[in-house]
Amino acid sequence: MSDPVPTVKFLGLTFDVANDLSILITCLIVLLFVFLLSRHITMKPKGGQNVLEWLVEFTNGIVKGSIKGNDASHFGLFAFSLFLFIFVANQIGLFIHIQVGEYTYVKSPTADPVVTLTLSLMTIALAHYAGIAKNGAKAYFKGYLAPFKLFLPLNLFEQFTNFLTLGLRLFGNIFAGEMLLTLISGLTSSDNWVSYLYSLPVELAWQGFSVFIGSVQAFVFVTLASVYISRQLSPEE
């Protein structure tokens, strides 16, 4: 069971303070990271510029692996921004977990299904918009009737399951990792100092493994986003 989080109401809406703060911190870390690496751009890259260019090439490679032709260049910035945000969001709860009393104020935003499903909805919406913009509304709606009109319910259901699985896969992996880390940390709550001897190595090992899982999940999310966009751009393939 997750820790309780503070909420505030504004204009009849309830806002999760932990999610808002965590997302804000994530955005600031990504912004600061990109700013520091891009301060001194030169024709012969070195240092931080090398890292930044490698990341751009890495995310561009993900996009080009699914989206063919000139269309890939239109989604490079989206993939780069999405990958960095999800990568940092997945890791932040491992290193900056702030709890005051019974309330958690900072955690991994992607450990909340509301955040991951929002990212999923944004991605699916972008894919459908791109498909309509390229192929037109008529071809877009006609695609739901392929290969036969009877496939309409199945095609609609497929879009819904794409939305759910994209968001819940990310949430499940990050939430499970944080919960297990909390349980491992709880082993040291006892007054017996011996508990630190076996729990600390396990906690460090699991943190390292969680960093790996968080990195993989950021890669998987961006890869699947590229695949879904590709399907809408070229529905016949």
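Biologist: What makes residues 163-184 a helical span, and how far apart are the end C-alpha atoms?

Modeller: In this predicted model, the chain over residues 163-184 is 100% helix and 0% strand. The end C-alpha atoms of that span are 32 Å apart.

Biologist: Which annotation covers residues 163-184?

Modeller: The unreviewed UniProt entry annotates residues 163-184 as "transmembrane region", along with residues 20-37, 75-94, 114-132 and 204-229. Such annotations may be inferred rather than shown by experiment. For residues 20-37 the model gives 100% helix and 0% strand, with 26 Å between the end C-alpha atoms.

Biologist: How many helices and strands does the protein have, and what pattern does it follow along the sequence?

Modeller: There are six helices and four strands. Read along the sequence, the pattern is β-β-α-α-α-β-β-α-α-α. The C-alpha trace spans about 70 × 50 × 40 Å along its principal axes.

Biologist: Why are α3 and α4 called roughly antiparallel?

Modeller: The axes of α3 (residues 76-95) and α4 (residues 113-142) cross at roughly 170°. Angles over 145 degrees count as roughly antiparallel, and therefore α3 and α4 are placed in that class. Their axes come within 13 Å.

Biologist: Which residues make the contact of α3 and α4?

Modeller: Phe 78, Leu 82, Phe 85 and Ile 86 make it from α3, and Leu 119, Met 122, Thr 123 and Leu 126 from α4. By class, the contact has seven nonpolar residues, one polar and no charged.

Biologist: What makes up the contact of α1 with α2?

Modeller: Phe 33, Val 34 and Leu 37 come from α1, and Gly 48, Gln 49, Val 51, Leu 52 and Leu 55 from α2. These residues divide into six nonpolar, two polar and no charged. Gly counts as polar in this scheme.

Biologist: How do you know that strand β1 pairs with strand β2?

Modeller: Pairing needs at least two bridges, and four bridges join β1 (residues 7-10) to β2 (residues 13-16). The two strands run antiparallel. Thr 7 has Asp 16 as its bridge partner in β2, and Lys 9 stands opposite Thr 14. In this hairpin two residues lie between the strands, and Leu 11 takes a positive phi near 55°.

Biologist: What makes β3 and β4 a pair?

Modeller: Strand β3 (residues 98-100) and strand β4 (residues 103-106) pair over three bridges, in the antiparallel sense; the requirement is at least two. Gln 99 stands opposite Thr 104 in β4. The hairpin has two residues between the strands, and Gly 101 has a positive phi near 65°.

Biologist: Why is the pair of Phe 58 and Phe 83 called edge-to-face?

Modeller: Ring centres must lie within 6.5 Å to pair, and planes over 60 degrees apart count as edge-to-face. The centres of Phe 58 and Phe 83 are 5.5 Å apart and the planes stand at 70°, so the pair is edge-to-face. Phe 58 is in helix α2 and Phe 83 in helix α3, 25 residues apart, and the pair links distant parts of the chain.

Biologist: How many aromatic pairs does this rule give?

Modeller: The count is nine aromatic pairs.

Notes. Residues are numbered from 1 along each chain as its sequence is written. This is a predicted model: local features need pLDDT of at least 70, side-chain atom pairs count only at pLDDT 80 or more; totals for chains, interfaces and linings use all residues. Side-chain values use heavy atoms; hydrogens and water are left out. Axes are lines fitted to C-alpha atoms, for helices over the stretch in contact, and angles run from 0 to 180 degrees between N-to-C directions. Angles under 35 degrees count as roughly parallel, over 145 as roughly antiparallel, 65 to 115 as roughly perpendicular and the rest as oblique. Contact means heavy atoms within 4.5 Å. Rings of Phe, Tyr and Trp (its six-membered ring) pair if their centres lie within 6.5 Å; planes under 30 degrees apart count as stacked, over 60 as edge-to-face and the rest as tilted.
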